[in-house]
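Please examine the structure shown below. The paragraphs that follow lead from its sheet to the packing of its helices.

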Amino acid sequence: MRFSIVTAFPDFFHDFLRTSIVGRALRAGLFRVDVVDLRSFGKGAYRQVDDYAFGTGGMVLTPCPLEDALDFAGKGFVVYPSPQGVPLTQDIVETLFRQEHVVIVCGHYEGVDERFVEQAVDVEVSIGDCVLTGGEIPAMAIVDAVSRLIPGVVGKSEAVTKDSFYGGMLDYPHYTRPASWNGREVPEVLLSGDAAQIEEWRRSRAVARTLSRRPDLLSRCGLQGYLRGGFYLAVEVPFSAADTGRIREWADLCEGYGAVLLLFFPEGPEGGDRAEREKFREELESAGVKKPGKVKLLPSFEHLLRWVGEKEKKKGRPMLVDVSGGEPGQGGGARHWLDLKRFILEEGRPAVFCFRAGDGSKTGDGKNPDRYDVRMIPLQGGRLPLGGRIAAVLDRFLGSR
Ligand code: ADE
């Protein structure tokens with residue numbers, strides 16, 4: 001991968017490109033950075049690169065030297081750091097990491113001529129709601145953030161995948177020696193040597209920090225890895241309507257997001273006899289659903305509750321979420337999916353999202369409206385078919401973006 005940095009102040013980059021992790025990776029040839037001096041494309045004896053803004057205002061970089069510098073740098077994905085840009089986030093960093101050549105154009109003074117931005121810039125990014133003197137420091141931030149995704153730049157790949165923002169959450173706090181400092185103690189659990197407890201503590205601190213400092217991140221983070229218990233999808237399937245092809249699709253979706261699919265069969269007091277279920281299991285297996293740990297067939301909702309309860313004994317009573325289709329309606333205490341996501345994180349209990357094909361009247365669910373802990377306001381006004389609802393819930397709760 002290659003970066004080109006177009007700047008009127010190349011000296012800024014002298015130490016940056018020779019020091020620490022970036023310096024070492026460049027020496028090892030893991031990526032390349034070319035600094036392009038904008039002044040060498042300036043006009044006249046003074047190599048002028050800027051001019052007075054039309055109307056009132058200060059100096060603006062003129063488009064011609066910028067265009068020539070860009071031609072010299074070669075074809076690439078062009079980034080222009082500016083306070084007017086979209087916020088630089090880890091997903092933009094990942095997009096840049098997927099480019100062969102990233103060209104960063106550093107503005108100065110009042111910025112660059114807007115026509116150049118329109119013509120040449122692929123993305124305008126801001127590194128925060130504050131105004132710096134130019135784009136050089138943001139350019140360093142971009143090179144730093146992108147290059148650390150290149151294999152070998154940061155020591156262990158684990159260090160990158162465990163970072164803040166990788167799953168969309170903030171990082172947990174870190175401590176080192178001494179264990180006691182100025183009367184402040186390192187949290188005891190970290191000295192316990194109990195790896196599972198430490199992991200659990202870190203997860204809960206990451207969640208608490210994110211919820212209190214950056215609740216806005218919630219819509220973009222996946223819950224997987226931050227839940228104490230498991231994430232289950234319970235789908236009520238009347239035997240008469242059980243279609244192995246569709247079930248296979250749901251199973252594959254659940255597998256993709258690391259959720260467990262539970263199918264239960266409400267017909268009859270115990271959901272039909274065992275032989276019938278066994279036959280259906282064989283049908284599912286021949287349709288390609290053969291992940292016994294990830295897809296569980298249960299004769300009734302009560303069996304399902306018992307099964308999850310047993311599995312999650314140590315993690316607390318499973319939270320039952322009603323995700324039936326239906327019109328949103330009013331009252332009933334239904335919660336918006338984002339609010340529900342926060343609730344699940346705060347509770348930290350295993351979550352079971354319960355789906356059914358219709359309004360429940362055919363399947364007996366209508367008899368048990370109170371069995372759920374919480375009801376989710378249907379997505380898309382309840383207009384999605386079951387498969388779409390399953391995919392949407394998996395992505396909003398477990399997908400990260
Ligand atoms: N140039 C000046 N201020 C900036 C900011 N906040 N982000 C990106 N580029 C800038």
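Which residue stands opposite Tyr-80 in E7? In this predicted model, the residue opposite Tyr-80 is Glu-124. The strands E5, residues 77-87, and E7 run parallel, and five bridges join them.

An open sheet is formed by five strands in the order E2-E1-E6-E5-E7, and the pairing is parallel. At the edges stand strand E2 (32-37) and strand E7 (123-126). Each of these edge strands has a single partner strand, so one side of each is left without a neighbour in the sheet. From one strand to the next, the twist averages 30°. Helix H4 packs on this sheet, where H4 touches E5, strand E6 (101-105) and E7. The direction of H4 makes about 170° with that of E5.

The next topic is the packing of helices. Two packed helices are described by the distance between their axes and by the angle between those axes. For helix H4 (residues 90-97) and helix H6 (residues 136-147), the axes come within 9 Å and cross at roughly 75°. Angles of 65 to 115 degrees count as roughly perpendicular, and H4 and H6 are therefore roughly perpendicular to each other.

Which residues make this contact? Helix H4 contributes Val-93, Leu-96 and Phe-97, while H6 contributes Ile-142, Ala-145 and Val-146. By residue class, the contact of H4 with H6 consists of six nonpolar residues, with no polar and no charged ones.

Methods:
Residues numbered from 1 in each chain as written. Predicted model: local features only at pLDDT ≥ 70, side-chain atom pairs only at ≥ 80, totals over all residues. Heavy atoms only, no water. Axes fitted to C-alpha atoms, helices over the stretch in contact; angles between N-to-C directions. Helix = DSSP H or I, 4+ residues; strand = E, 2+ residues; numbered from the N terminus. Parallel < 35°, antiparallel > 145°, perpendicular 65-115°, else oblique. Contact = heavy atoms within 4.5 Å. Nonpolar A, V, L, I, M, F, W, Y, C, P; charged D, E, K, R; others polar. Pairing = 2+ DSSP bridges.
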